[in-house]
2 protein chains.
Amino acid sequence: MTQLELAKKNKISSWMRQAAKEENVNPAYLRKKIAEGKAVIPANINHRIKNICAIGEGLKTKVNVNIGTSTDESGIEDELKKLEVAIRYGADTIMDLSVGGNLRNIRKKIIKLSTIPVGTVPIYEVSVNQKKKKRDFKDITLDDILKVLHEQAEDGVDFFTIHSGILKKHLKFLKNKVRVLDVVSRGGALIASYMMQKNQENPLYEHFDEILKIARKFDVTLSLGDSLRPGSILDGSDKLQFSELEILGDLARRARNKGVQVMIEGPGHLRLDEIEYNIVMQKKLCSGAPFYVLGPLVTDVAPGYDHITSAIGGAIAASKGADFLCYVTPSEHLRHPSVDDVKEGLIASRIAAHAADIVKGINGAIGWDKAISLARKKRDWKEQIRLSMDPDKALAYRTSSKAELSDVCTMCGDYCSIRLIDNCSKTKLRA
Amino acid sequence: MTQLELAKKNKISSWMRQAAKEENVNPAYLRKKIAEGKAVIPANINHRIKNICAIGEGLKTKVNVNIGTSTDESGIEDELKKLEVAIRYGADTIMDLSVGGNLRNIRKKIIKLSTIPVGTVPIYEVSVNQKKKKRDFKDITLDDILKVLHEQAEDGVDFFTIHSGILKKHLKFLKNKVRVLDVVSRGGALIASYMMQKNQENPLYEHFDEILKIARKFDVTLSLGDSLRPGSILDGSDKLQFSELEILGDLARRARNKGVQVMIEGPGHLRLDEIEYNIVMQKKLCSGAPFYVLGPLVTDVAPGYDHITSAIGGAIAASKGADFLCYVTPSEHLRHPSVDDVKEGLIASRIAAHAADIVKGINGAIGWDKAISLARKKRDWKEQIRLSMDPDKALAYRTSSKAELSDVCTMCGDYCSIRLIDNCSKTKLRA
C-alpha cells in the first residue's frame, strides 16, 4: 500500500512517524494531511532513504536541488560532487535531470548515494533512448514511455515529474503567438513537439491511468509538471498557464483516487504582485495539493543572479503557502551549473524557505533567528558561526579580516553598536 | 533656495528638469511631488553632480551603496575602488561611512570623484574628532556637532543621516530588556550612549532647528535615521520602533516647513509578513516622505548571504511603496566588505528595486524584461548579455562553458526547450 492508501485507512506508517518526528509535528496530523492529499512523502518502496521528508501543509518548506548531466557536459563525477554538496548544505530532495551519458548508470549511482528522496523527469530518458536508436522523438510509442517509467520506478526513483497537463487545445493558443516565450519547460517542450508533429493528443494525458498503475505499485509520488510554465514575467498568470493548472487539478484528484501521492508544479517567471494569486489559485484548483514552485523569478533581466530573483519569489510564494521550492542557480539561462553554483542556489532557496517558515509559524523556525541574534548580542562568534545557515562561508568571511578588538568585526570595529550599548549598559543601565 | 522651496513656489529647477528627464516623467509632476514632500533631490549647492536623481513617489526605486573606511581597515584606495564599482554597476547614490583615517580627505576625494549624490552620517566624524582629542564621546558639545555638520555641508555632502528620533523615554524601555538586540544603528548607538551616560536628551533632537539651518543653507537633504531600527526579526515592528517613527514624522514636517528636503530611514530586520505594514505606517506617520530602507533582512540566520536576505525584503518593501533601498553586502555582520562584496550587494539590491518597479508600473521597467525575453526567444546571446543587469558576469558565465550548438547554452544543450519549440513551429505551426 502507498503512504496515501495507508493514511486513508487511518494507518500511521513508520515513514509518517519518522517524517513527523523530523518536523516535530504530531504523526496523526501528518497522516491526516496525507489522507487529504495535502501532504506527501516521496518514498519509493525500492529506495532506502535515510533522511525522509514530508512535503505539504503545516510542514517546513522543502528545497529541491536539480543535478544531472547535459548533452554538452555529461561527466558523472561532477554530478556526484553536486549531490554531496546538496546533501551537506541541507537539500531536502534531489532531482536527477540527466540527459547526457549512460542515464541508468548515473541514476542508479545517485539513488544509491542519496540519503534524501530522488526525483526524475522520465520523458528525458524516453527521448535519449530514441536518439540512441537514431529515431525521432515524435515516433515514440506508449510502450517506450511505460518501459522507462517502470524501469525508473523499479530503480527506486521517489518522485516523477510528468507533463500530463498540456493538451492540443493549448497548442492552438500558442499558434496565435500570445506569448513572449511559448514553452520553456524542457519536458513540456518535448511533449509539445510530439503533439505538434503528430497532431495527436498528449500521450501522458491519454494514458494517465497506466502511469498511475506504475506509480501506485512502487509508491512513486507524481509531480505534475507545468509544461506551460511562464518563461517571462510577461507571460505569467496567463490563460494558458491557468488552463493547464485546471487540468493538473483534475489529474491530481484522479491520482489520489487511485492511491497515488501527488504534488503540482508551478511557475516560473512571475511578477512579484502575481505570486500570491498563483498560490491561492493552485491550492483551490488542485484541492490543496502540495505546490512545488520553480522560483518564481520576479524579473527576467538578471542572468547570473537568478538564484536571487528566485529567492525573492520563492520566499513570497512559500510565505503564501507554497510547500516546496525548486532551487535555481546563478547559472540559470547561461550554462550548466558548477558545483559552486549548486551550493549558492541551494543556500538562496533555503533562505527563502526559512524566511517563509517564520511566517508560516513552523516549529522552531523563529527560534533559530532568536538563538543567532542572542549570540550576536553576546558577540559570541563561535556560536554565531555555528548557527549560520552556511557556517563554512561565515567562518571564511570572519577569518579573512581580523579586527583589533576580538569581540567585534572589521565592519564597524570600535564602532560596533552592540558593543557600545553593552558597555554603557554595564556601567549605567544596570547600575 | 532649496529644491523644496523652489517647488513650493511652483518653480521647476534645472535639477528637477534633469531628474524628470532621467525618469521619463513630467517635470511638473516631479515638482509637485517635491513640493508635497513626497520626493527629494539630494543635491548640495556645492556638489557638481553629473547623474542627479530624484527619490520618491512614482519614481524609479533608487539604490544606495555604503562605502567608507573602518577603524580596522582604513585605506582609502579600496574605498575609491568601491566607489568606481558602485558607479559602474548602477548605484544611484553613495554614502561615505568612514570612521578610520583622515575623514575629511577621504570625504573630499569621494565627493570629487562621485558622479552621483553623496551622503554621510556626520555624527561619526564628531566621534572620531573626540577620539583624536582623546576625549570621551559623552563630552561632545553642541558646537562640536554643528561645526562638523557645517564643514561637511560646505564640502558638498548631498544628504545627511541624522539620528534625531531617539529620546530619553525610549532608553527607559530598553532598560527593561524588551529587545533581543537593543540598538544596532551605529550612529544611534553613539547618541544613545551619550544620552545614557549624561542622562540628557538627544542633542540632535533638542537642537534640530540649528541642524535645519545648515541643511537649508546648502540644500542638504536630511535622512532621518532610525536609531531603534530592529537588529533581529524578533524586535521588528515593536513599540520602540514605531514610537521613534512617530517622532521622525514630526521632525519631517518641521524640516519641510523650513524648506529642508527630508526622507525617513527604516528597518532593518523584519519578518516578511510585517514589511507591508511598516511601509504603510511610515507613509502615514511621515505624511508620505520618501522611505529609505536598509534591507529589510527577512531572517537573521544567514550571515554571508545578507545581500539575499535583504533583496527579498527590499523587493517586497519597494513593491509596497519604499522609495530607496540601502544595499547590504554578503559581508554584513561578518567583516568590512571587499570590492567584490560591494558589487554583489549592489546587484542584489538593484534586482529588488527593479522587481518592485515592475509592480509600481515605473516607465520602462517591464519593457526591459520584454526586451531580454525576446532576445532569449531568438537565442540572440549578444543581445541577452547586453541587456543583462550585469553583462560582465553574464558574459563570463556564458563563455566559461561552450555548447556544441552555438544557439543554446550548456544547461540544456540539445534539449533547449526554446529551440525545440522554435524548430517545430518553423516546420509545423507556420505551415
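User: What is the area buried between chain B and chain A, and what share of it do carbon and sulfur atoms give?

Analyst: This is a predicted model, in which local features need pLDDT of at least 70, side-chain atom pairs count only at pLDDT 80 or more, and totals for chains, interfaces and linings use all residues. Residues are numbered from 1 along each chain as its sequence is written, chains are lettered from A, and side-chain values use heavy atoms, with hydrogens and water left out. The area buried between chain B and chain A is about 9300 Å². Carbon and sulfur atoms give 68% of that area. Buried area is the accessible area (1.4 Å probe) that two parts lose on being put together, summed over both.

User: How many residues does each chain bring to the contact?

Analyst: Chain B gives 105 residues and chain A gives 105 residues. Contact here means heavy atoms within 4.5 Å.

User: How do you know through which surface the copies meet?

Analyst: Of the interface residues of chain B, 100% are also interface residues in chain A, so the copies meet through the same surface.

User: What makes the two copies related as by a two-fold rotation axis?

Analyst: A rotation of 180° with 0.0 Å of shift along its axis superposes chain B on chain A, with RMSD 0.0 Å. The two copies are therefore related as by a two-fold rotation axis. The superposition is by least squares on the C-alpha atoms of residues with pLDDT of at least 70 in both copies. Of the residues of chain B, B:I312 comes closest to the axis, at 2.2 Å (C-alpha).

User: Why is the pair B:K377 and A:D182 called a salt bridge?

Analyst: Their side chains meet at 3.0 Å, N to O. The rule asks for a side-chain nitrogen of Lys or Arg within 4 Å of a carboxyl oxygen of Asp or Glu, so the pair qualifies. The rule finds four salt bridges across the interface of chain B and chain A. Over all chains, a search of the whole structure finds 71.

User: Which element gives the largest share of the side of chain B that touches chain A?

Analyst: That is α15(B), with eleven residues. Helices (H or I, at least four residues) and strands (E, at least two) are DSSP runs, numbered from the N terminus. By class, this side of chain B has 53 nonpolar, 25 polar and 27 charged residues. Ala, Val, Leu, Ile, Met, Phe, Trp, Tyr, Cys and Pro count as nonpolar, Asp, Glu, Lys and Arg as charged, and the others, Gly among them, as polar.

User: What makes chain A as compact as a globular protein of its length?

Analyst: Chain A has 19 helices and ten strands. Its radius of gyration is 23 Å, close to the 22 Å that the globule rule gives for 431 residues, so chain A is as compact as a globular protein of that length. The radius is taken over C-alpha atoms, and the rule is 2.2 Å times the number of residues to the power 0.38. Along its principal axes the C-alpha trace spans about 80 × 50 × 40 Å.

User: Where do A:K33 and A:E57 lie, and at what distance do their side chains meet?

Analyst: The two side chains meet in a salt bridge at 2.8 Å, N to O. A:K33 is in helix α3 (residues 27–36) of chain A, and A:E57 is in the loop between β2 (55–56) and β3 (62–67). The two residues are 24 residues apart, and the pair links distant parts of the chain.

User: Which backbone values deserve a look?

Analyst: Most residues other than glycine have a negative phi, and most peptide bonds are trans. The bond from A:G295 to A:P296 is cis, with omega near -10°. A:P296 sits in the loop between β9 (291–294) and α14 (306–319) of chain A. A:N199 has a positive phi, near 55°.
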